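Reader: Could you take me through this structure? I would like to begin with the terms and then turn to the details.

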Amino acid sequence: MRNTALIVAVALVAAAIGGAWASAPLKATMRDWKAGLGTLDEMTAPGGGFDSPQISRIVNQLSDDAGRLASRLSTSNAQAQDVKRRFEALAADAQSLAAASHRDAARVKYNALHAGCVSCHDAYAH
Ligand code: HEC
C-alpha cells in the first residue's frame with residue numbers, strides 16, 4: 001500500500017515536472033535538500049555557528065526548488081493536490097526561515113521546515 005503511494009507520488013511529480021527536470025531528477029533534488037537541512041541543523045542548534053547569509057542561500061534554493069515542483073503539479077486529483085500543497089508549504093516555511101534574524105528564531109523555523117519533509121515522507125516515501 002505504501003509502495004503504491006510512493007510510486008504514484010513519484011509518477012505524479014515526474015509527469016508533472018516533465019522535461020525541464022529530466023536532468024535533475026527528484027531524488028537528486030531531495031539529496032540536495034538533505035545536505036542543506038544538515039547544514040541548517042548544525043547552524044541553528046544551540047552553540048551552532050549561525051550564519052545568516054549561508055542560511056539564506058540554502059533556504060532560497062530550497063524554496064525555489066519546492067516552488068517549481070509545486071507549480072508543475074496539476075490539481076486534477078486529490079493526491080496531486082496534496083503533494084502540491086506540501087511543496088507550497090515547504091517553500092513558505094523555507095522563506096520564513098530565511099527571514100529569521102537570530103538563531104533561536106531560526107531554530108523554530110528549521111523545526112517547522114524539517115517537519116514538512118518528515119510528514120511528506122511518512123505519507124508517500126516509506
Ligand atoms: C511533497 C512530498 C515531499 C516533501 C515535502 C519532501 N520529500 Fe523527500 N521524498 C519524497 C518522495 C516521494 C521521495 C521518494 C523519491 C524516490 O524514491 O524516487 C523522497 C525521497 C527523499 C530522499 C531520498 C532520495 C534518494 O536518494 O533516494 C531524501 C534524502 C529526501 N527525500 C529528503 C527530503 C528533505 C530534506 C525534505 C525537506 C526539506 C524533503 N525530502 C521533502 C517526497 C517529499
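Author: Two residues are in contact if their C-beta atoms, placed from the backbone, lie within 7 Å. This is a predicted model, in which local features need pLDDT of at least 70 and side-chain atom pairs count only at pLDDT 80 or more, while totals for chains, interfaces and linings use all residues. Residues are numbered from 1 along each chain as its sequence is written.

Reader: Which residues does K84 touch, not counting residues up to four places away in sequence?

Author: K84 touches A70, L73 and T75. K84 itself lies in helix α4; helices (H or I, at least four residues) and strands (E, at least two) are DSSP runs, numbered from the N terminus.

Reader: Is K84 buried or exposed?

Author: K84 is buried, because 20 other C-beta atoms lie within 10 Å. A residue is buried if 20 or more other C-beta atoms lie within 10 Å of its own, exposed if 12 or fewer, and partly exposed in between, with C-beta atoms placed from the backbone. The C-alpha atoms of K84 and L69 are separated by 7.5 Å, although the two are 15 residues apart along the chain.

Reader: What about the chain overall: how many helices and strands are there?

Author: The protein chain has 5 helices and 0 strands, in the pattern α-α-α-α-α along the sequence. Of its 126 residues, 25% count as buried. Among contacts with a separation of 6 or more, 59% are made by residues 24 or more positions apart.

Reader: How do α3 and α4 pack?

Author: The angle between α3 and α4 is about 160 degrees, and their axes are 8 Å apart. Axes are lines fitted to C-alpha atoms, for helices over the stretch in contact, and angles run from 0 to 180 degrees between N-to-C directions. α3 is therefore roughly antiparallel to α4; angles under 35 degrees count as roughly parallel, over 145 as roughly antiparallel, 65 to 115 as roughly perpendicular and the rest as oblique.

Reader: Which residues make that contact?

Author: Among them are I55, V59, L62 and A66 of α3, and K84, F87, A91 and A94 of α4. The residues of this contact divide into 12 nonpolar, 5 polar and 2 charged. Here Ala, Val, Leu, Ile, Met, Phe, Trp, Tyr, Cys and Pro count as nonpolar, Asp, Glu, Lys and Arg as charged, and the others, Gly among them, as polar.

Reader: And at what angle do α2 and α3 pack?

Author: Helices α2 and α3 (residues 52-71) pack at about 150 degrees, with axes 10 Å apart, so they are roughly antiparallel to each other. Their contact includes W33 and L40 of α2, and I58 and D65 of α3. It divides into 6 nonpolar, 3 polar and 1 charged.

Reader: Changing topic, which residues are closest to the ligand?

Author: The closest are M30, K34, R86, C117 and C120, among 21 residues that surround the ligand. A residue is near a molecule or strand if its C-beta atom, placed from the backbone, lies within 6 Å of it. The shell residues divide into 15 nonpolar, 2 polar and 4 charged.

Reader: Which helix gives the most to that shell?

Author: α2 gives the most, with 7 residues. Helices α1 (2-17), α2 (26-44), α4 (78-98) and α5 (103-124) each supply at least two residues of the shell.

Reader: Finally, where is S119?

Author: S119 is in helix α5. It counts as partly exposed because it has 13 C-beta neighbours inside 10 Å. S119 and R86 are 33 residues apart in sequence and 8.9 Å apart in space, C-alpha to C-alpha.
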